[in-house]
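Student: I have a model open here and would like to talk through a few of its features. Could you take my questions as they come?

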Amino acid sequence: MERGELGNRGYTLRYQEQNLRWPYKWLWGLCWGLLFFVFIVPFADDIFAQDGVPTEPQPTSVDFNIASQPLGAAMNAFAEATGWQITVPTELITGRTSSDISGSYQPEQALQALLTGTGMTYRVTDTNAVTLVPDNAVPGVASPPIMEGPVATQEPLSKPFDAAEPKPIKVPEVVVKEVRKRKDPYAVDDATSTMRVPVSIHDTPRSVEVVTRQVMDDQKVIRFSEALRNVSGVSQSNDQGGQTGEFTIRGFASELNVFKNGFRDDTLSTRTQRDVINLERIEVVKGPPSFLYGRADPGGIINQITKAPLKNPYYSAEMLIGNYGLYRPQFDIGGPLNASKTLTFRFNGMFESAGSYRDGVESTRTFVAPTIGWEIGPRTTLRFEGEYLYSRAPIDRGLVAFGTGVAPIPISRFLGDPTRKLETNNGKATLILLHEFNDMFTWRSAFRAAVTHSRYSSLESNFFIDEAAGILNLAQYYIPTTTQSHYLQNELHGKFSTGPFKHKTIVGVELGREVNVASVSGDFGGDTTTPGAFSFINIFNPSDRLFLGGPLQKFSNTKNVNDILGFYFGDHVSLLDNLHLHGGGRFDYFKQNLTVRPDDFTPTQSQDSQTDLAFSPSVGLAYQPWKPITFYANYTESFAPQTAGTRSFTGSLFSPERGKAYEGGVKFQFFEERLRATIAGFHIKKRNVITTDPVNGPQFSVATGEQRSQGIEFDVAGRILPGWDLIANYAYIDARITEDNTFQIGSRLTNVPLHQGSLWTTYFLQDGPLKGLGAGLGMYAQGKRTGVFQCTDPANCQAPFDLPGFVRMDAAAYYRKQEIFPRTNLLAALNLTNVLDQRHFTGTLDVREVVYTGAPFTVIGSIKLEYF
């Protein structure tokens with residue numbers, strides 16, 4: 001049990017069984033609706049067609065959101081969106097930059113728009129196939145296509161992937177990309193979804209990193225936190241015993257830094273570890289994002305981008321089997337729902353049953369995510385996304401500190417009762433409407449609702465251990481929780497010029513309400529001064545234990561309601577072709593209402609309310625002396641009200657955190673934009689930081705004053721040679737307390753290593769009888785970390801201890817056979833994690849009695865069939 005579950009987040013309300021029934025009704029309704037779309041709508045054209053009246057095939061529009069970027073990358077994005085084959089002499093696109101396009105267009109209209117101003121046009125060579133050629137017509141205007149010979153009446157088949165068929169470089173003409181070939185590269189130059197303006201990463205004056213679907217597939221990532229080791233300065237040191245967890249970015253841990261499609265996806269929306277089955281990519285924007293997203297941690301944000309509906313049929317099924325009893329079938333299907341392809345769908349799902357390297361730990365998970373796309377008109381689209389996640393797993397608080405390190409006991413030892421579980425039902429529904437008024441302005445309206453019911457039942461550390469005897473006191477907790485959140489976003493996006501300056505703008509408003517209700521009951525184990533009168537376990541001899549099942553006492557019963565209103569704006573101005581200025585800001589109104597209702601210790605009800613107002617500005621500049629190189633700098637401020645229900649020992653609420661950040665760096669693009677790299681330096685300060693109260697226990701918090709984090713980061717990702725992909729990073733982060741009345745000034749923040757980094761690389765054979773075979777090799781490393789805060793007066797803190805540094809080695813072997821059956825591909829993989837079986841620890845709860853363990857040597861085998 002930690003401070004968040006003990007009332008700090010204000011999740012209150014006695015759990016009632018009937019409250020759990022409606023998510024199932026919602027899920028069944030969603031499934032029936034999906035079945036209707038899959039089996040009925042595809043035949044609507046036939047059902048309502050008039051006999052004897054021929055139907056004319058209508059031109060199909062496609063949704064585009066392609067930023068101005070190197071022409072080769074833009075053509076890749078165009079080919080991915082349309083399924084067209086683009087052929088171009090390599091030397092003709094080097095150094096050329098595409099125009100940008102956003103909205104619904106017919107493919108040829110979009111292609112002409114992208115080529116405007118590039119000095120290139122295209123020659124039609126087949127159905128949905130063109131070759132780019134020099135444009136000798138009017139400068140700045142894309143010429144009409146050049147028709148070449150008869151055009152076939154049937155679209156050529158495209159293939160979902162070809163790991164052994166990258167873009168050739170030694171022939172006069174090369175295929176830029178065919179749809180779904182090696183689905184995603186390791187490097188992309190687009191983060192429009194997170195930055196909310198169609199600007200390439202290379203032109204953005206911020207550090208932005210992307211973990212693509214291909215990286216997650218190659219590493220066989222099944223947990224969200226595993227994917228983020230591919231980004232410098234990002235880690236999950238506290239997983240809250242197997243719940244949502246806190247992510248640390250640039251030295252600062254927070255529950256406010258995770259989003260999904262631009263909506264919050266923190267503990268208000270999800271109470272268990274997130275899955276990645278329906279994610280297309282993960283975008284990480286470093287530095288304070290409050291100028292767009294409101295309350296947030298100054299280290300940065302993590303935005304999950306989900307998979308979009310498909311206009312072309314695609315069906316895949318995959319089975320994952322691993323040691324420790326892992327069994328996980330999963331699927332990904334999609335395609336059109338009618339002949340005109342104006343209705344499309346995507347459906348991802350999985351079931352997981354697993355044991356663990358931790359003694360007695362077993363878990364089950366079920367996740368489904370249907371998505372429906374509707375092209376209402378040539379300039380209007382609507383998308384519905386649903387999610388349902390069920391999880392049942394024990395709360396696992398890991399090991400304990402002993403002396404100046406971690407107790408010398410096996411990492412498999414479970415210090416509690418693994419038969420008690422956290423059971424979670426989580427549902428989300430999202431609607432996104434896009435409408436283009438004209439070529440200059442686009443309107444976006446989006447609504448997201450999320451509801452979570454959970455039952456937390458555990459027997460875990462009572463935050464006291466007698467190290468001499470090895471006796472760890474245990475406490476029993478039962479916490480039923482209901483959380484709800486509703487957000488509405490309305491945005492106007494613009495693209496226009498004022499004289500020689502080109503603008504890409506956004507003006508938006510966000511409304512939100514969050515309701516968090518929970519009751520916290522516990523039995524702290526009895527009289528801890530009398531042997532045999534309290535629950536305990538001997539950490540060195542787990543058979544020496546006593547679990548008392550005394551009556552539970554309700555010691556927290558609260559309700560928290562947050563009302564949110566935010567106005568935000570941004571403008572990316574191209575002052576010159578190689579000079580870009582970005583400015584923006586957000587005004588936030590945030591009101592918290594905390595109701596403390598009667599419990600077994602407090603017979604009366606009380607209320608507390610707090611309103612915070614803040615303006616968070618941001619300004620940045622990017623300069624490109626040569627197109628492949630960008631120098632950039634920015635200044636940004638952050639605003640973050642304290643986590644819902646966070647309270648001091650006296651019961652009062654805290655003032656919000658405020659942060660200021662300075663960042664500068666340089667970005668590179670190599671090998672015709674196939675490989676990108678970023679080097680960034682940063683300096684961040686934030687005040688009024690909340691942490692565990694070292695005197696009164698983890699159910700209360702204190703403000704540490706001011707913390708400072710500064711350092712250097714390096715990220716590189718992309719394709720070095722045909723078949724050889726790489727993603728790697730390194731971070732040096734010096735995070736310390738700079739002002740405080742309790743904690744030692746100059747001491748380091750907990751769970752932040754001075755050095756950390758990772759590397760992952762894969763290679764696939766390109767030719768010969770072994771074509772399709774591949775291998776992967778990687779490592780992940782963290783340096784020594786401080787386990788608890790250090791106090792000026794040692795009597796006010798626990799004894800300090802350190803987590804040792806570690807280096808974890810990973811490996812993989814692949815086989816990919818294209819068209820093993822007609823229109824069917826085979827993908828097989830064997831992924832090995834922690835090959836050297838390194839004993840390591842991922843972090844602490846800022847107390848000696850909770851040390852989270854890292855997994856030992858792990859094997860996952862997978863086989864996948866995809867049909868197109």
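Student: Which strand is the place of Phe615?
Tutor: This is a predicted model, and in it Phe615 has its place in strand β31.

Student: And which residues make the nonpolar surface patch with Phe615?
Tutor: The patch, of about 850 Å², is made by Phe615 together with Phe437, Trp443, Leu492, Val507, Phe567, Phe569, Phe587 and Leu613.

Student: Switching to pockets, what volume does the second largest pocket have?
Tutor: Its volume is about 710 Å³, and of the 25 residues that line this pocket, Ser68, Ser98, Ser99, Asp100 and Lys502 are the closest to its centre.

Student: Which strands supply at least two residues of that lining?
Tutor: Those are β3 (101-105), β25 (471-498), β26 (501-523) and β29 (553-576).

Student: How many of the lining residues are nonpolar, polar and charged?
Tutor: The lining of the second largest pocket divides into five nonpolar, 12 polar and eight charged residues.

Student: New topic: what order do the strands have in the open sheet of five?
Tutor: The order is β8-β14-β15-β12-β13, and the pairing is mixed. At the edges are β8 (208-212) and β13 (263-264), each of which pairs on one side only.

Student: How many bridges join β8 to β14, and do they run parallel or antiparallel?
Tutor: Five bridges join β8 to β14, residues 279-286, and the two strands run antiparallel. As one example of a bridge, Val211 has Ile282 in β14 as its partner.

How values were computed: Residues are numbered from 1 along each chain as its sequence is written. This is a predicted model: local features need pLDDT of at least 70, side-chain atom pairs count only at pLDDT 80 or more; totals for chains, interfaces and linings use all residues. Side-chain values use heavy atoms; hydrogens and water are left out. Two strands pair if DSSP finds at least two bridges between them. Helices (H or I, at least four residues) and strands (E, at least two) are DSSP runs, numbered from the N terminus. On a 1 Å grid over the protein atoms alone, a cavity is a set of points where a 1.4 Å probe fits but cannot get out, and a pocket is an open set with protein on both sides within 12 Å along at least five of seven lines; lining residues have an atom within 4 Å of a point. Grid points are joined across faces, edges and corners, and a volume is the space filled by probe spheres set on the points. Ala, Val, Leu, Ile, Met, Phe, Trp, Tyr, Cys and Pro count as nonpolar, Asp, Glu, Lys and Arg as charged, and the others, Gly among them, as polar. Patches are made of residues with over 30% relative accessible area and no salt bridge: like charges are joined within 9 Å, nonpolar side chains (Val, Leu, Ile, Met, Phe, Trp, Tyr) within 5 Å. Accessible areas come from the Shrake-Rupley method with a 1.4 Å probe; for residues, only the protein chains shown count as cover. A salt bridge is a side-chain nitrogen of Lys or Arg within 4 Å of a carboxyl oxygen of Asp or Glu.
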